[in-house]
Structure formats: structure tokens, C-alpha cells
Amino acid sequence: PYVVTEACIRCKYMDCVEVCPVDCFYEGENMLVINPDECIDCGVCEPECPAEAILPDTEETAEKWLELNRTYAENWPNITRKKDPPPDADAFKGVPGKFEAYFK
Ligand code: SF4
Ligand code: F3S
């Protein structure tokens, strides 16, 4: 499956939710996650993310995000329509250390 990684945190552009054919995105306060058990591996969300936050879990940098995506997908509400991204989203694009500083 595909997973959402740290790059989403505080960017949360939500372009991804519009294209997912199985509506498997879940919304936290600062980021979204994918339910890896619902994702059908179609790959259409990956190029839609302006923050390049979505990766296949086979990529080295994405592997550690798999369990986090699975865990939070069970606790956060489903999201299927794009909302307004945070007004300061662009300021957090590509910023390192967002997980430690802002994940919740
Ligand atoms: Fe949805 Fe396809 Fe992305 Fe999986 S890879 S989250 S099914 S759009
Ligand atoms: Fe996050 Fe990218 Fe979607 S920033 S909300 S994974 S479009």
C-alpha cells in the first residue's frame, strides 16, 4: 500500500483525498493517513500531493510510517472531500523535524 509520511504534517493540502477511488484517507489535526488495509495500491494519489508526502511503503523512507498510518486510520475520521489547507501550509513544505515538533 501507499502511506502518508512526515512531509504532510502542517501542509495538509488534501488534494490526495479527491482522487482516491476507495476513500481510504483519515484526518488528524495536522496530517492525514492512509488505511493501508483499504488502499488498493493504485498510486493515483502520489503525484497529486504538492508536498510529495505520499510514498509506496516499499520505499525505505516510507517503511516506518506504515504502522503509524494503520494505527491512526483506526482512530481518526474518514475524509473524502478536500477542505481549505492551513493558511501557512507552504511555510512547512519540506521542513525537517515536523514529526517531533508538530505531530498530534
Ligand atoms: Fe487511495 Fe490509490 Fe492512494 Fe491507495 S494508492 S491511498 S487506493 S489513491
Ligand atoms: Fe498531506 Fe499531501 Fe494529502 S500534504 S493531505 S498527503 S495532498
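Reply: This is a predicted model, where local features need pLDDT of at least 70, side-chain atom pairs count only at pLDDT 80 or more, and totals for chains, interfaces and linings use all residues. Residues are numbered from 1 along each chain as its sequence is written, and chains are lettered from A and ligands numbered from 1 in the order in which they are written.

The mean pLDDT of the protein chain is 97; pLDDT is the predictor's confidence in each residue, from 0 to 100.

Now the core. The largest nonpolar core has 28 residues. A nonpolar core is a set of buried Ala, Val, Leu, Ile, Met, Phe, Trp, Tyr and Cys residues joined through C-beta atoms within 7 Å. Buried means that 20 or more other C-beta atoms lie within 10 Å of the residue's own, with C-beta atoms placed from the backbone. V4, C8, C16, F25, L32, I34 and A53 touch the most other members.

Strand 1 (2–4), helix 1 (15–19), strand 2 (25–27) and strand 3 (32–34) each supply at least two residues of this core. Helices (H or I, at least four residues) and strands (E, at least two) are DSSP runs, numbered from the N terminus.

Take L32. Leaving out residues up to four places away in sequence, L32 touches V4, C8, K12, M14, C16, F25, Y26, E27 and I79. Contact here means C-beta atoms, placed from the backbone, within 7 Å.

In the whole protein chain of 104 residues, 33% count as buried. The chain has 4 helices and 4 strands.

Definitions and conventions
A residue is buried if 20 or more other C-beta atoms lie within 10 Å of its own, exposed if 12 or fewer, and partly exposed in between; C-beta atoms are placed from the backbone. Two residues are in contact if their C-beta atoms, placed from the backbone, lie within 7 Å.
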